[in-house]
Amino acid sequence: MSEKITFTVNGTPRTVEIEGGEKLIFILREKLGLTGTKRGCDDASCGACVVVIDGKATKSCTFPAKKLAGKEVVTIEGVSEGTNLHPIQTALIEAGAVQCGYCMPGIVMELYALFNRDPKASDEEIRDALELHLCRCTGYEAIWEGALKARDYLAAK
Amino acid sequence: MTLKYIGKDITRPDATGKITGRVQFLDDIKLPGLLHAAILRPDCAHGRILSIDTAEAEKLPGVVKVVTGKGCEMVYGDNIRDLTPIAVDKVNFIGQPVVGVIAETLAEAKAAVKKIKVEYEPLPVYTDARDALKKDAVLIHENSGEFWHLPGIEPIGGTNIANRYTVKKGDVEKGFAEADEILEGEFNYPFGSCSAIEPHGSIAWFHEDKTIEVWSSSICPFIIREEVARVYGLPICDVRVHIPELGGCFGYKSDITVEQTIAYLASQVPGRPVKWVATRKEDFLSTLIGHGIRTRIKIGAKKDGTLTALKTEILHSTGASADTGVHVLIASTHNSTGTYEFPNCFLDGYSVYTNTPPVGAFRGYGHQESHLAMERMIDILARKLKLDPFDLREKNYLGPGKVTALGETLHTTNGNVRKCVEIVRRAVFSAPKAKAEDENYYYGRGFAALMKSPKGAPFSSKSCYLKFNRDGSVCINMGGAEVGQGLRNVVRMVAAEALKIAPERIRVYTEIDTQFSPWEWQTIGSMFTTQGGRAVVRAAEKAIAELKKTAGIVLRTEVDRLDYDGDYVFVKSDPTIRVPVPELGRGYTFDDGVTVGDVVHTTADARLPIQSNPDENGQGRMGITYTFGAQACEVRIEKKTGKVIIDHFASSFDVGRVINPVQIRGQVAGGVMMGVGAALHEELKFDAEGKALNPMFRRYRFPTIKDAPGRQTIEFVETPGEIGPFGARGIGEHPVVGVAPAVLNAVYDAIGIDFYEIPLSPEKILEALEKK
């Protein structure tokens, strides 16, 4: 059975029709055309699909669409402003963290939620957050450095 | 040579598009009338198909077509044509396509797949080459030995041997007779998965005008184009292949695999595009897997450490088809000497059909498997001979004037292994080990030297199209697949240097489209920087010559009196007599409108320097550009758990020339992590029935940030090569090659136990410690 729900995506209220067991990733990618959110695995283990829901980093591949009503969702498309990148994005690029880029939207969103909650998050908190994301290209070194750099940038803001 | 751009940390051109999620990967593509496919895979890894019942599936809403392999006579393959797009009357591995459902939505296609019933008559299952080679083993391909194949491939009909490749150098028995010590060992590098985070996928569209259009997350658009055209009887020009952004590759998106399956499905619904993207399980089992190589090794040496003879037997569980794995075996076999000169070799490799997913390219391409054997054996040999392992190696390194197993003489331009060794030795072994153990840990240090030679093909080439715009900026188009390794930036930086133009004024291609992109064989073997960069330099030189030709007309002088600095073409003896480059790009127009000269756009290609098929001894020019390196590590083994923790990993490679320091460090850091994954965590496991036990990330044990080495030392030697741009050699695969032996050598140093196979799980270490 389909139902209509309204939630906010990147600051704009959207109403979509959803069916049974649909997940948020499907709504974003197939119904709203927000393809920046990526699917990498089928067992909620890679983190490529992470978006921010009400301030919390959340795997959109397991989040039921029917629980979306009234929520505020931020996706990778809502992080930069026009051609101005978010400091997290700038820091990751400068550290050389972008190789194939497929895991990047999820990692940006993870750090976005973390630093919005606590711009001075500890090294350990950053490492715990990044542990939820798989990257096959970088060996994590540049991602780690990018995350630390992002924290510096946000502190200087 | 003073270089202006090469060697600088210039940000890659694709970073912004990727970090904003704006670039388009295969699954992001929407097309008008797009249909979706889901595929039924067997629940039996080897069996005859007795019946397929699709009646219920066909009745479901949204289902457009249900496709089986009945009557399909198509065979394909680039090296050995032993692949079919869909199972015909028999299944040979657990990930094989049996029935495809095409529907209006993916959910509808998946729902219909669940309603299909297939009956099989099970056949004996072999998941290991050793079993498939037994005398009474049934043939996985009943017509084995009869498939079309490239020259140089030697199937043995009536057996499960898809190819035997043997290298003979000198007289191996004489070599062993001269030896004072002979050592034997057997090593195993089990199946693994490249596991890019982007799953493989493809879209195929059979158009009404009889042309075919394909999109794929592949690194081989031109091979797909040629093979699809061949099987559908079309001229190659009537097949168009697009490659969107790629979310990692590491090998398994090479060759032609799933594309033929999706094309076969799409051929049944002409006029509408059909999309399929692998589930993670399908990505593990229905594309290509890696490794599956057992190496039996016998080494002879004199008391002083001089190596006299090497015999290796390499058994490759190549999987249900050998097309994609046959060259992995060949590379593993002729590189099983590692970095050492053996005067006498007998290297014997077997590609064996097994009931497992086909093995294909995996970053390292056969090298890490045989290096695990050789670099462990050298350490064990040094112990036997009571020699320092560095001294033993030093005595036998390949280098200028030395001859490889293939009979190729090496030159200074192939790089210097000793310099790499010194770097990692200094980083890891400069001081005596601080302690052997404490309350919680054992401590160890290990080393491995390495050599990598890409496996090419005689006809391999990369091409470049370069055009000057009317403002003097430049566009470059090539067929090299950007998988994340950063080749677009390499192209841009090499072009900037060659054209003396700032990189910001050079725009490099994004997607590949065979309709517009210049031809390239495939982007494999760590060859793009070398070969693609060479093509860029050649195209740039042609463009400069073109600019000078037009300027010569304008300035009414001979071309050889002119020089070029990126901004102007000018007279060497009087640089004030000059023409700005932007005025020459479309030919030069005089004040009266008369225009002279041609549009400045050039093409160039770069073949491999010389390559040949193997001769009767398995030798030939097959090594192309040898690259040397060394790796070492410091580990800690937790006494309570058996867990190996890598505190420090050091790597050094003689890359000829560092193009971009940030990017090359990223390549090495990522490659080392991949090697660590293989050494300590990753194994794709199959049970006796050929069913996969862990085709998902949670159970495959993909390394996370918490598995990363505590720190990495990464340094380069720059002995210029003779082929690549500004002396550069490739680096993509090399960082994985020495990791497993370095880690296992360190584990021996820590606990005095020799391990011969990976992954080295904590359980295995605890068990071995208990037995000790």
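Author: Here is a walk that begins with a helix and then widens to its surroundings.

This is a predicted model, in which local features need pLDDT of at least 70 and side-chain atom pairs count only at pLDDT 80 or more, while totals for chains, interfaces and linings use all residues. Residues are numbered from 1 along each chain as its sequence is written, with chains lettered from A and ligands numbered from 1 in the order in which they are written.

Our helix is α15 of chain B, residues 661–681. Helices here are DSSP runs of H or I with at least four residues, strands are runs of E with at least two, and both are numbered from the N terminus. α15(B) packs against helix α17 of chain B (residues 739–751), with axes 8 Å apart and an angle of about 55°.

(Contact means C-beta atoms, placed from the backbone, within 7 Å.) Sorted by class, eight of the residues where α15(B) meets α17(B) are nonpolar, one is polar and none is charged. (Ala, Val, Leu, Ile, Met, Phe, Trp, Tyr, Cys and Pro are nonpolar, Asp, Glu, Lys and Arg charged, and the others, Gly among them, polar.)

α15(B) also takes part where the chains meet. That contact draws 44 residues from chain B and 39 residues from chain A. On the chain B side, at least two residues each are supplied by α1 (15–19), α8 (280–285), α15 and α16 (697–700). α15(B) gives the largest share of that side, seven residues. The side of chain B that touches chain A holds 18 nonpolar, 16 polar and 10 charged residues.

Across in chain A, take Gln89(A), found in helix α2 (residues 87–94). Gln89(A) is buried because 27 C-beta neighbours lie inside 10 Å; 20 or more make a residue buried, 12 or fewer exposed, and anything in between partly exposed. Beyond neighbours within four places in sequence, Gln89(A) is in contact with Val79(A), Ser80(A) and Val108(A), and also with Ile19(B) and Thr20(B).

Chain B has 18 helices and 29 strands. Its radius of gyration is 27 Å, close to the 28 Å that the globule rule gives for 772 residues, so chain B is as compact as a globular protein of that length. (The radius is taken over C-alpha atoms, and the rule is 2.2 Å times the number of residues to the power 0.38.) Along the principal axes, the C-alpha atoms of chain B fill a box of roughly 90 × 75 × 55 Å, and 59% of its 772 residues count as buried. Among contacts in chain B between residues at least 6 apart in sequence, 79% link residues at least 24 apart. Helix α7 of chain B (residues 258–266) is largely enclosed by the rest of the structure, because nine of its nine residues are buried.

Key. Two residues are in contact if their C-beta atoms, placed from the backbone, lie within 7 Å. Axes are lines fitted to C-alpha atoms, for helices over the stretch in contact, and angles run from 0 to 180 degrees between N-to-C directions.
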